[in-house]
Amino acid sequence: MTDLDVAVIGAGVAGLTTAFRLASAGRRVRVFEAADVVGGRMTTVREDGFLIDTGAEQIPTTGYPQTWSLLGELGIGREQVPRIGRGIALWRGRARPGVASTRGLLTGAGLSVRARLELLRLLRGRFDLERPEDSTHATVAQACRGDLLDYLCQPVVSGFFGWDASRSAIAPFLALLTSIGPASTWRTYRDGMDTLARALAERVDVTTSAPVERVVDDGSSARIFVRGAELSARSVVLAVPAPVVRRVYPEHGSEFIDACSFSVVVKAHLLLDRPLGRRDYVVVVPTAENGTVATIIFDHLKHPGRAPENRGLVTVMAHPSVAAELLGAPDAEVAARLVDAAERLVPGLRAAVGRVVVRRFRHALPEATPRALALRSGFEAGLGGGAVDYAGDWVYLSPCSEAAVRSGVRAARRLARKEERV
Ligand SMILES: Cc1cc2nc3c(=O)[nH]c(=O)nc-3n(C[C@H](O)[C@H](O)[C@H](O)COP(=O)(O)OP(=O)(O)OC[C@H]3O[C@@H](n4cnc5c(N)ncnc54)[C@H](O)[C@@H]3O)c2cc1C
């Protein structure tokens, strides 16, 4: 008899979804989470009346079927995930509105007419969020050029995913872009982006501050080593980023997992003594315009509850070319570099900053390199056989929380089928 039916490693939305599904089906499941809170890359820090979304920022109304279905099951209605109702701008000398909007295709959002026509041509392909490998394996920088690359695709993939356009394949990005509808329909959780994770965690057995050091596959069962103890389970689900899988389960034997790299993201959340910004809640910044800042998010415009009245919350995300260097830099240095660079885009920012919260993601979003893309479907097809299974956005090479939720639903389904067979 094993200690558990299933041990899930990682309490991000992928692991929590897996656990919730299996616990609902009567399995003895426990989630082990290294951090002292749940949510992983969908976490919200609450401080002095500010709600700081440290990772994910928003979800769309369409294109996230698994997320919306799960929210429905948990009794989280759309009123708890209100529309943001504001747009995304691109910086080209000034903020140009209309990115990810149909109107932007007409008005340009800073893009030349030729680039807009090239974009329409690019979007005519067929893209599948679940099977990104079925479309082109070209990188973002190979698939588009000129204005379309420099003033739309590069700033968007760097600004939202921390991607280097010359490393990541364009297919997962286009699959997402064509499925999620215009920015005007996007939403954010009223009470913070950790709402889903918190709701799931209330319904499953989660142990926080429990970093799993090692997973051993014994064939018909597996063991985990955590906080000096050893536990056995009929199955283990590794719901941690692929590079963490490589560390805790070095015997994984998967070329895909070895190829699955992540972007690095460093963010400075600026707690302001006044609200700045007026219209768009995100400004993406092309490399050609500023090599230090990739994105500026006006969180208090995203949702008024993110900052106390008459205060402001602005997030500055570092450009991918400086993110790796900032990973190891002290908070004060990160804050100073990002505030100085952003001041040129948001005059008055420096003077309004009170406190700064710096957040670093060594494993921010799956990079979806062409090599990983080529190996993905083979990896997925082989899942479900042994005592160790996987969940996480990286299983689909898709830089979004819907992929994480979907991976959790599918992992739970594979495990249920496996149990039926024994
Ligand atoms: C900056 C940023 C912005 C984003 N913006 C959006 C957005 O706007 N919309 C959207 O849909 N998606 C967005 N995403 C993507 C989304 O956040 C992720 O796809 C999703 O949260 C991934 O969930 P996961 O469960 O796969 O992984 P994670 O959330 O990374 O969960 C893995 C968990 O495992 C834990 N862990 C790691 N090692 C161990 C160990 N040894 N033992 C135990 N636990 C361990 C971690 O602490 C973590 O909690 C964004 C991501 C980032 C980083």
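Visitor: What should I know about the numbering and the model before we start?
Guide: Residues are numbered from 1 along each chain as its sequence is written. The model is predicted, so local features need pLDDT of at least 70, side-chain atom pairs count only at pLDDT 80 or more, and totals for chains, interfaces and linings use all residues.

Visitor: What makes Ala 404 buried?
Guide: A residue is buried if 20 or more other C-beta atoms lie within 10 Å of its own, exposed if 12 or fewer, and partly exposed in between, with C-beta atoms placed from the backbone. Ala 404 has 28 C-beta neighbours inside 10 Å, so it counts as buried.

Visitor: Where is Ala 404, and which residues does Ala 404 touch?
Guide: Ala 404 is in helix H16. Helices (H or I, at least four residues) and strands (E, at least two) are DSSP runs, numbered from the N terminus. Two residues are in contact if their C-beta atoms, placed from the backbone, lie within 7 Å. Leaving out residues up to four places away in sequence, Ala 404 touches Gly 12, Val 13, Ala 14, Gly 392 and Asp 393. The C-alpha atoms of Ala 404 and Gly 12 are separated by 8.4 Å, although these residues are 392 apart along the chain.

Visitor: Which residues come nearest to the ligand?
Guide: Gly 10, Gly 12, Ala 14, Gly 40 and Ala 56 come nearest, out of 37 residues around the ligand. A residue is near a molecule or strand if its C-beta atom, placed from the backbone, lies within 6 Å of it. Helix H1 (13-24), helix H9 (242-248) and helix H16 (401-421) each supply at least two residues of this shell.

Visitor: How do the residues of the shell around the ligand divide by type?
Guide: There are 24 nonpolar, eight polar and five charged residues in the shell. Ala, Val, Leu, Ile, Met, Phe, Trp, Tyr, Cys and Pro count as nonpolar, Asp, Glu, Lys and Arg as charged, and the others, Gly among them, as polar.

Visitor: How do you know that strands E11 and E14 pair?
Guide: Two strands pair if DSSP finds at least two bridges between them. Six bridges join strand E11 (residues 265-272) to strand E14 (residues 312-318), and the two run antiparallel. Lys 267 stands opposite Met 317 in E14, and Leu 270 stands opposite Val 314 in E14. E13 and E14 also pair in the antiparallel sense, over five bridges, with Val 293 opposite Ala 318 in E14.

Visitor: What is the order of the strands in the open sheet, and which are the edge strands?
Guide: The open sheet has seven strands in the order E6-E5-E12-E13-E14-E11-E15, with mixed pairing. Strand E6 (95-99) and strand E15 (353-361) are the edge strands, because each pairs on one side only. From one strand to the next, the twist averages 25 degrees.

Visitor: Why is E14 called largely enclosed?
Guide: Seven of the seven residues of E14 are buried, so the rest of the structure largely encloses this strand. Both faces of E14 are covered: Gly 312, Val 314, Val 316 and Ala 318 are buried on one side, and Leu 313, Thr 315 and Met 317 on the other.

Visitor: Which strands does helix H12 lie across, and at what angle to E11?
Guide: Helix H12 (residues 320-327) lies across E11, strand E13 (293-298), E14 and E15, running at about 85 degrees to E11. Axes are lines fitted to C-alpha atoms, for helices over the stretch in contact, and angles run from 0 to 180 degrees between N-to-C directions. Helix H13 (residues 331-343) lies across E11, E13, E14 and E15, at about 75 degrees to E11.

Visitor: What about Ala 368: buried or exposed?
Guide: Ala 368 is buried, because 33 other C-beta atoms lie within 10 Å. Ala 368 is found in the loop between E15 and helix H15 (370-381), and its phi is near 55 degrees, a positive value in a residue other than glycine.
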